[in-house]
Amino acid sequence: RPSLAQDPLSDLDAFIGRGMRDWRIPGLAITVVKNDSVVFTKGYGVRTMGQEGRVDSRTIFGMMSTTKAMTAMAMAMLVDEGKVRWDDPVRKHLPWFRFSQPWVTEAITVRDLLTHVTGLGNADMLWTRADFTGREILERVAKLDLAYSPRSSFIYQNVMYHAAGEVIAAASGMPWDRFVETRIMEPLGMTRSRATLAHMQAMRDPNTSSAHWEFDGVSRRIEEQPVDPVAAAGAAWSTAEDAAKWLRFLLDSGRVNGQRIVSESSYRELSRPQVIVPA
């Protein structure tokens, strides 16, 4: 460990280099934000294994499940506008949405969708190994048995975050991806960020990372696995430079350049512990 007098970033390059070798990572970008200052931003390695394009702070990477924080933030904005309440029944906004048990359908709230406590077990096969539309994925939830009684346990849920994205669309009158891009990314100045793989690919930007997978100890480029069918769960793309703007926004309690785009009360609700996760 560095001494208190030592620059805490002085050994970071070596640490990241070791990590990239240990984990066989072709490239990555990192940003460090302290208070309201970006104290470190740098790219490492290459965008695609076997090619020369280097990663820098503007290289586009998938945000994956950190997208969920933007979905929760979007919901908080709608709470501020009086269009949604955290404890609204989901059926108020999606009257066609059902679980396998009618009482659960009536009981599940918007908060439950965001906190992984609906009682639904892992349902990722609905989107990772099928070609269903977003609406079809949610309609098929009614055919799935529950894994536990609602709010009695915790199972991480991508499909329920997709349902939250549909609540956002129904309450706001615009699709989830447009809401996130226009109400969050644009005000924050995240100019190289997009809400979905399709939107990112439409940029045709060569400074974009490639997906890789390890085969017999060798990392190779693979095709992207689209998360767009359940976009609100993990489809967004960003850069280290743009991610720093998102981090500064969160550390400043939901303000951009001193202007609040989510109320202090909603920000506190987003930050408050919600669920005790079992061992």
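User: In this predicted model, why is Ser 253 called buried?

Analyst: Its relative accessible area is 18%. Buried means under 20%. Ser 253 therefore counts as buried.

User: Where is Ser 253, and what is its phi?

Analyst: Ser 253 sits in the loop between α12 and β7 (255–256). Its phi is near 55°, a positive value in a residue other than glycine.

User: Asn 35 also has a positive phi although it is not a glycine. Is Asn 35 buried or exposed, and how do you know?

Analyst: Exposed. Asn 35 has 61% relative accessibility. The cut-off for exposed is over 50%, so Asn 35 passes. Its phi is about 55°. Asn 35 belongs to the loop between β1 (27–34) and β2 (37–45).

User: How do you know that β4 and β5 pair?

Analyst: Two strands pair if DSSP finds at least two bridges between them. β4 and β5 (residues 218–222) have five bridges, so they count as paired. The sense is antiparallel. Phe 215 stands opposite Val 218 in β5.

User: What lies between the strands in the hairpin of β4 and β5?

Analyst: Two residues. In this hairpin, Asp 216 takes a positive phi near 50°.

User: Which residues line the largest pocket nearest its centre?

Analyst: Gly 27, Phe 61, Ser 210, Ala 211 and His 212. The lining has 20 residues. Two elements give two or more residues to it: β3 (61–62) and β4 (211–215). The largest share, four residues, comes from β4. The space in this pocket is about 500 Å³.

User: What makes up the lining of the largest pocket by class?

Analyst: Ten residues are nonpolar, six polar and four charged. Phe 61 and Ala 211 are in the lining, and Phe and Ala count as nonpolar.

User: Which residues have the most contacts inside the largest nonpolar core?

Analyst: Met 75 and Phe 97. This core has 57 residues.

User: What is Phe 97 in contact with, leaving aside its neighbours within four places in sequence?

Analyst: Val 90, Arg 91, Thr 105, Leu 138, Val 141, Met 160 and Ala 163. Contact here means heavy atoms within 4.5 Å.

Conventions:
Residues are numbered from 1 along each chain as its sequence is written. This is a predicted model: local features need pLDDT of at least 70, side-chain atom pairs count only at pLDDT 80 or more; totals for chains, interfaces and linings use all residues. Side-chain values use heavy atoms; hydrogens and water are left out. On a 1 Å grid over the protein atoms alone, a cavity is a set of points where a 1.4 Å probe fits but cannot get out, and a pocket is an open set with protein on both sides within 12 Å along at least five of seven lines; lining residues have an atom within 4 Å of a point. Grid points are joined across faces, edges and corners, and a volume is the space filled by probe spheres set on the points. A nonpolar core is a set of buried Ala, Val, Leu, Ile, Met, Phe, Trp, Tyr and Cys residues joined through side-chain atoms within 4.5 Å. Buried means under 20% relative accessible area, exposed over 50%, partly exposed in between (1.4 Å probe, protein chains only).
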